[in-house]
Amino acid sequence: SWKARWRQESLEHYLATGWCFMARDEDVLVGYFLAQPFLFMEGFTQCLWVEHLSYSSLQARDELCDLAYRLSREKHFQRVLFPNMPGVANSVTTMKAENWQPSVLSVKTTK
């Protein structure tokens, strides 16, 4: 499907950026996210765009969202943008997520 965020072309693009992470339990994949940095968007120097987040456990979801947030803070990005999909909003509530667009949640990563 052309709208699938995990199709072959998308995976090849995002994996090459070096901003994708996976969660494993032993040798079993339990979640991953595909992301890339955006430069100079809406007056912000750098933002991390999480294009796709997939998980099979709530713990994996929470840890991946936390990883994206901590990574953005460590790299001095101004915000991280998450897909507004079922479950993700629950995971980023403590990060004071705001609706950026109907399908995107924004979390500030600087003071």
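This tour moves from the sheet to the helices packed on it and then to selected side chains.

The model is predicted: local features need pLDDT of at least 70, side-chain atom pairs count only at pLDDT 80 or more, and totals for chains, interfaces and linings use all residues. Residues are numbered from 1 along each chain as its sequence is written, and side-chain values use heavy atoms, with hydrogens and water left out.

**The sheet**

Select the strands, which are DSSP runs (E, at least two residues; helices are H or I, at least four), numbered from the N terminus. Six of them form an open sheet of mixed pairing, in the order β1-β2-β3-β4-β6-β5; two strands pair if DSSP finds at least two bridges between them. At the edges are β1 and β5 (98-101), each of which pairs on one side only. Neighbouring strands of this sheet are turned by 30 degrees against each other on average, direction ignored. Next, display β1 and β2, which run antiparallel and are joined by five bridges. A23 has G31 in β2 as its bridge partner.

**The helices**

Now select α1, which lies across β2 and β3 and runs at about 75 degrees to β2. Axes are lines fitted to C-alpha atoms, for helices over the stretch in contact, and angles run from 0 to 180 degrees between N-to-C directions. Continue to α2, which packs on the sheet and touches β1, β2, β3, β4 and β6 (104-108); contact means heavy atoms within 4.5 Å. The direction of α2 makes about 165 degrees with that of β3.

**Aromatic pairs**

The whole structure holds three aromatic pairs. Rings of Phe, Tyr and Trp (its six-membered ring) pair if their centres lie within 6.5 Å; planes under 30 degrees apart count as stacked, over 60 as edge-to-face and the rest as tilted.

Select W19 and F77: the ring centres are 5.4 Å apart and the planes stand at 35 degrees, so this pair is tilted. W19 is in the loop between α1 (8-17) and β1 (21-25), and F77 in the loop between α2 (58-74) and β4 (79-83), 58 residues apart. F77 is buried, at 3% relative accessible area; buried means under 20%, exposed over 50% and partly exposed in between (1.4 Å probe, protein chains only).

Move to F38 and W49, whose centres are 5.6 Å apart with planes at 20 degrees, so this pair is stacked. F38 is in β2 (residues 28-41) and W49 in β3 (residues 44-55). F38 is partly exposed at 25%, whereas W49 is buried at 14%.

**A last stop in β3**

Finally, select H52 in strand β3. H52 is buried, with a relative accessible area of 14%.
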